[in-house]
Amino acid sequence: MSDRVCEVLRTRAGPRCEGWLFPSKRSKCGHLTDVGRQFREACAKAGLPEDLVLYCCRHDYGTRVLTKTGNLAAVMKTMGHKDVRAAMQYQHPALEVVRAALNHGRETALQMAGRENL
C-alpha cells in the first residue's frame, strides 16, 4: 500500500483502532462487501469511461508493483496469489526496458573490453 493510501485510510479511521473502516448498516456482516457501485459513481463523476471496471485498478496495481520493483514474489504476496502463473499476468514487458537492458549489457561489455566499439 502506498504512503498516500495509508494516509487516507488513517484519516478515515480517525482515532479508532478497532471496528470496520467502511461500515454498512445494510450489510449482514456490518461492513461494505462490494464497492462496485461506489466505483462506478466515482468514475461517472470523474468523466472516466464506462467500461473501466474495478478490476482494472487491481490489474494496474499489480502491473505497477511488478514494473517498479521487478519482484514477482511481492506481487504474489500482496495480491494473494498462490501460483506464479496468476501473478505473471501483470508482466507487460516494454520494448524500452528490453532495449535498456541490452544497451546496459553492451556498455558493460565495452568497459570490460576497454574499447569503444565492440
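Is Gln89 buried, partly exposed or exposed? Gln89 is partly exposed, with a relative accessible area of 35%; by definition, buried means under 20%, exposed over 50%, and partly exposed in between, with a 1.4 Å probe and protein chains only.

This is a predicted model, in which local features need pLDDT of at least 70, side-chain atom pairs count only at pLDDT 80 or more, and totals for chains, interfaces and linings use all residues. Residues are numbered from 1 along each chain as its sequence is written, and side-chain values use heavy atoms, with hydrogens and water left out.

**The chain as a whole**

The protein chain has 6 helices and 0 strands. Helices (H or I, at least four residues) and strands (E, at least two) are DSSP runs, numbered from the N terminus. Of the 118 residues, 15% count as buried. The accessible surface comes to about 10000 Å², of which 58% belongs to carbon and sulfur atoms; such areas come from the Shrake-Rupley method with a 1.4 Å probe, and for residues only the protein chains shown count as cover.

At its start, a side-chain oxygen of Asn71 reaches to within 3.1 Å of the backbone nitrogen of Ala73. Leu72, Val75, Met76 and Met79 are buried in α4. Seen down the helix axis, these buried residues fall within an arc of 100°, so they line one face of α4; the arc is that of the directions from the helix axis to the C-beta atoms. The face turned away from the buried side carries the exposed residues Ala73 and Lys77. The cover over the buried residues of α4 includes α3 and α5. After α4 comes Gly80, whose phi is positive, near 80°.

The largest nonpolar core has 8 residues: Val65, Leu66, Leu72, Val75, Met76, Met79, Ala87 and Tyr90. The elements giving two or more residues to this core are α3 (54-69) and α4, and α4 gives the most, with 4 residues. A nonpolar core is a set of buried Ala, Val, Leu, Ile, Met, Phe, Trp, Tyr and Cys residues joined through side-chain atoms within 4.5 Å.

His81 is buried, with a relative accessible area of 15%. Not counting residues up to four places away in sequence, His81 touches Arg58, Val75, Met76, Ala86, Ala87, Gln89 and Tyr90, where contact means heavy atoms within 4.5 Å. With the neighbours within four places left aside, Gln89 is in contact with Tyr55, His59 and His81. The C-alpha atoms of Gln89 and Thr63, 26 residues apart along the chain, are separated by 8.2 Å.

The table gives two side-chain polar contacts. A polar contact is a pair of N or O atoms within 3.5 Å; within protein, one must be able to donate a hydrogen and the other to accept it, and residues adjacent in sequence count only if both atoms are side-chain atoms.

| Side chains joined | Polar contact |
|---|---|
| His81 and Tyr90 | 3.5 Å |
| Gln89 and Tyr90 | 3.3 Å |

**Cysteines**

How many disulfides does a search of the whole structure find? The search finds 0 disulfides, a disulfide being a pair of cysteine sulfur atoms within 2.5 Å. The sulfur of Cys57 is 6.8 Å from the closest cysteine sulfur, in Cys43, which is too far for a bond.
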